Amino acid sequence: MTALHTGTVLSLPIDGELRRVELGPPGPWRRPQRPITSRIAYAAAHVVPKTLADNTPGAPADLDWDATMAYRRELWSYGLGVADAMDTAQRGMGLDWGAAAELIRRSGAEAGAVGGRLACGAGTDQLVLDDVPPGDRGLSMITDAYREQIDVVREAGAQVILMASRALARVAQSPADYLTVYEAVLAHTDRPVILHWLGEMFDPALRGYWGSDRIDTATTTFLELIANNVDKVDGVKVSLLDAGHEIALRRALPDGVRLYTGDDFNYPELIIGDDHGHSDALLGIFAAIYPAAATALQALDEGNDAEASEILESTRALGRHIFAAPTYYYKTGIAFLAWLNGLQPGFTMVGGLSSGRSLTHLCELFVLADRAGLLADPDGAAHRMRVFLETNGVRA
């Protein structure tokens, strides 16, 4: 991103050999002095476990609440909203419902204290999938599970994000089953919600969501639900990594319904928009690039679309790398960058997910983060990287 250098040098294993890398300085990022108004933007925040917890697959989540909440305060300080208890927080991927409910309550209290925007995921992950039968009884169980979680989010003072349900994907036999459940759930809400359509690249268990493997058929059902409940829907978050589909869907939405992009590949052009409109944002990648994202959004507020586009574009390579297939493991890269920047005490993740990416993948992430100006303290990040490499058998 910049030709300037810090003088900090380390050797990294790149393309099968050790190469010297000289680090650049952090980018010219700035915290906003007033609320961001041109876009509504949420960063989907990850969670930090206790370093000495049993962070192995299948173990109950045991979070470092101080570090987890400090991360959210950092995001709010840059003018972004926080989307919590989502897939970025490892919902259904190590974070059990009991821990998620506590996370929602604590984040709600923190948001109230600092005046931060907060939306939280409500799903059905308290259900044991094998205990949910097909047919009306299963659909009723799923509806009740959604209602229980909605109540927790509402009591925390947060906006509800209706997450996709693995249980519903498993037992639904038609698009009508999706409409039955979602319309009953929406009737239980007291303020407009965000509907989340999470693609199978993020969670293979959600294949065929909305009742079809065909994206056009699924979209028809999705739009029918929105049209029938427009007063209950603030917006939709679409995480399909398909910019063309998102733009077409955005143009088809009823007036007043926002599209919050969840496309961690194509977010620069989707947020900047075109003559027909733009997407707002609810992104996992914003939890990694938040200083740059906030600066770009401030440029949009100032009418400088070119600067905003340039800043977001400078982070695209990092975003594509973090969310590369298997996309399910993108959370590993977000936690690794948080550790490099001193925002968590160790590179640990709930459920042992820190092992989800290779050494070479994380080395490339380090280089791309440096090029994007997203290493807040290059010397500190280099020290942590050297320790990490030596622990993994590489002397740098």
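This is a predicted model: local features need pLDDT of at least 70, side-chain atom pairs count only at pLDDT 80 or more; totals for chains, interfaces and linings use all residues.
## The cavity

A search of the whole structure turns up 1 cavity of 30 Å³ or more. The volume of this largest cavity is about 70 Å³. Its lining is made up of 15 residues, and those closest to the centre are Asp87, Lys237, Asp264, Gly284 and Tyr330.

By residue type, the lining of the largest cavity holds 7 nonpolar, 5 polar and 3 charged residues.

## Aromatic pairs

A pair of aromatic rings is described by the distance of the centres and the angle of the planes. The structure contains 22 aromatic pairs. One of them joins Tyr182 and Trp210: the ring centres are 4.7 Å apart and the planes stand at 45°, so this pair is tilted. Tyr182 belongs to helix α5 (residues 175–187), while Trp210 sits in the loop between β7 and α6 (215–228), so the pair ties together parts that are 28 residues apart in sequence. Tyr182 has a relative accessibility of 1% and counts as buried because the cut-off is under 20%. Trp210 is likewise buried, with a relative accessible area of 1%.

Trp210 also pairs with Tyr209. Here the ring centres are 5.2 Å apart and the planes are at 80°, so the pair of Tyr209 and Trp210 is edge-to-face. Both of these residues are buried. Ring pairs link Tyr209 and Trp210 into a cluster with Tyr146, Tyr178, Tyr182, Trp197 and Phe222.

## Leu186 in helix α5

Helix α5, which holds Tyr182, also holds Leu186. Leu186 is buried, with a relative accessible area of 0%. When its neighbours within four places in sequence are left aside, Leu186 is in contact with Leu162, Val193, Leu195, Leu225, Asn229 and Lys232.

Leu186 and Tyr146 are 40 residues apart along the chain, and their C-alpha atoms are separated by 9.7 Å. Tyr146 is a member of the aromatic cluster described above.

## Val152 in helix α3

Val152 lies in helix α3, which covers residues 136–155. Its relative accessibility is 10%, so Val152 counts as buried under the 20% cut-off. Leaving aside neighbours within four places in sequence, the residues in contact with Val152 are Trp97, Ala101, Ile104 and Arg105.

The C-alpha atom of Val152 is separated by 10.0 Å from that of Ala100, a residue 52 places away along the chain.

## Cysteines

The count of disulfides in the model comes to 0. Cys120 is buried, at 0% relative accessibility. Cys363 counts as buried too, with a relative accessibility of 1%.

## Backbone angles

Most residues other than glycine have a negative phi, and most peptide bonds are trans. Several places in this model depart from that pattern. Asp15 is not a glycine, yet its phi is positive, at about 55°. Asp15 is found in the loop between β1 (9–14) and β2 (17–22). With a relative accessibility of 68%, Asp15 counts as exposed, because the cut-off for exposed is over 50%.

Ala85 also has a positive phi, near 55°. Is Ala85 buried or exposed? Ala85 is buried, with a relative accessible area of 0%. The peptide bond between Ala325 and Pro326 is cis, with omega at about -5°. Pro326 lies in the loop between α11 (316–322) and α12 (330–340).

Note on methods: Residues are numbered from 1 along each chain as its sequence is written. Side-chain values use heavy atoms; hydrogens and water are left out. On a 1 Å grid over the protein atoms alone, a cavity is a set of points where a 1.4 Å probe fits but cannot get out, and a pocket is an open set with protein on both sides within 12 Å along at least five of seven lines; lining residues have an atom within 4 Å of a point. Grid points are joined across faces, edges and corners, and a volume is the space filled by probe spheres set on the points. Ala, Val, Leu, Ile, Met, Phe, Trp, Tyr, Cys and Pro count as nonpolar, Asp, Glu, Lys and Arg as charged, and the others, Gly among them, as polar. Helices (H or I, at least four residues) and strands (E, at least two) are DSSP runs, numbered from the N terminus. Buried means under 20% relative accessible area, exposed over 50%, partly exposed in between (1.4 Å probe, protein chains only). Contact means heavy atoms within 4.5 Å. A disulfide is a pair of cysteine sulfur atoms within 2.5 Å. Rings of Phe, Tyr and Trp (its six-membered ring) pair if their centres lie within 6.5 Å; planes under 30 degrees apart count as stacked, over 60 as edge-to-face and the rest as tilted.
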